[in-house]
Amino acid sequence: VLKDSLLLADAYNFIGLFYLNNNKTTNAIRYFKKGLLFCKQPPYDAKYIELSKPHHIYGNLSEAFEKINYLDSAIFYSRASLKKAQEIQSERGTATANLNLGLAFVRKQQVDSAKKYFEQTNSTSIKSNDFDVELNSYSGLADCASEIGDKTTAFNQLSVGFSLLRKY
């Protein structure tokens, strides 16, 4: 009714999230892709509250594709999310995109690549004080260590994660 592309992008993104959280991934992907047709990079007019930005929708697409084990598509959309987040200097968006890349690469059993992205997630999330993303980076780093049989490092990463969890 309003013919407002930013609100349409937001609506499609949230409908997609609803479907994703209800394991209706095909529907989620369809709505995320519709959202991409209407989203644009900030800055937004002051009348808008915080809206879904391009990096959010790309990241959600990545998560959806990872969920159905289309890992190359997950990596493609994670890289798009990373690019869009970096364009607007969103540290949380950058950390989350790196996290999604790490998750996809660890599932592809490409541990060196996964570790690189989890380390980038860690450093960016610490800098931006996004403890929830930081917490996930320790889990990812533990997964990487576990994949190569390094139990000591895996448990150390988990220990750091549990310390962070207790702190918050």
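Mentor: Here is a close look at one helix pair and its aromatic contacts. Bear in mind that this is a predicted model, where local features need pLDDT of at least 70, side-chain atom pairs count only at pLDDT 80 or more, and totals for chains, interfaces and linings use all residues. Residues are numbered from 1 along each chain as its sequence is written, and side-chain values use heavy atoms, with hydrogens and water left out.

Start with helix α5, residues 91–107, and helix α6, residues 111–127 (helices are DSSP runs of H or I with at least four residues, numbered from the N terminus). Their axes come within 8 Å and cross at roughly 160 degrees; axes here are lines fitted to C-alpha atoms over the stretch in contact, with angles running from 0 to 180 degrees between N-to-C directions. That makes α5 roughly antiparallel to α6 (the label for angles over 145 degrees). The crossing of the two is left-handed, so the near helix is turned anticlockwise from the far one by less than a right angle.

Now the side chains. On the α5 side, the residues in contact (heavy atoms within 4.5 Å) include T94, L101, F105 and V106, and among their partners in α6 are A114, Y117, T121 and T124. The residues of this contact divide into nine nonpolar, eight polar and two charged (Ala, Val, Leu, Ile, Met, Phe, Trp, Tyr, Cys and Pro count as nonpolar, Asp, Glu, Lys and Arg as charged, and the others, Gly among them, as polar).

T94 is worth a stop. This α5 residue is buried at a relative accessible area of 11% (buried means under 20%, with a 1.4 Å probe and protein chains only). Leaving aside neighbours within four places in sequence, T94 touches L82, A85 and Q86 as well as T124.

Then there are the rings. The structure holds 10 aromatic pairs (rings of Phe, Tyr and Trp, the last by its six-membered ring, with centres within 6.5 Å). Y19 and Y31 make a stacked one, 5.6 Å centre to centre with 25 degrees between the planes (stacked means planes under 30 degrees apart). F105 is buried at 6% relative accessibility, and Y117 is buried at 9%.

Technical notes. Buried means under 20% relative accessible area, exposed over 50%, partly exposed in between (1.4 Å probe, protein chains only). Angles under 35 degrees count as roughly parallel, over 145 as roughly antiparallel, 65 to 115 as roughly perpendicular and the rest as oblique. Rings of Phe, Tyr and Trp (its six-membered ring) pair if their centres lie within 6.5 Å; planes under 30 degrees apart count as stacked, over 60 as edge-to-face and the rest as tilted.
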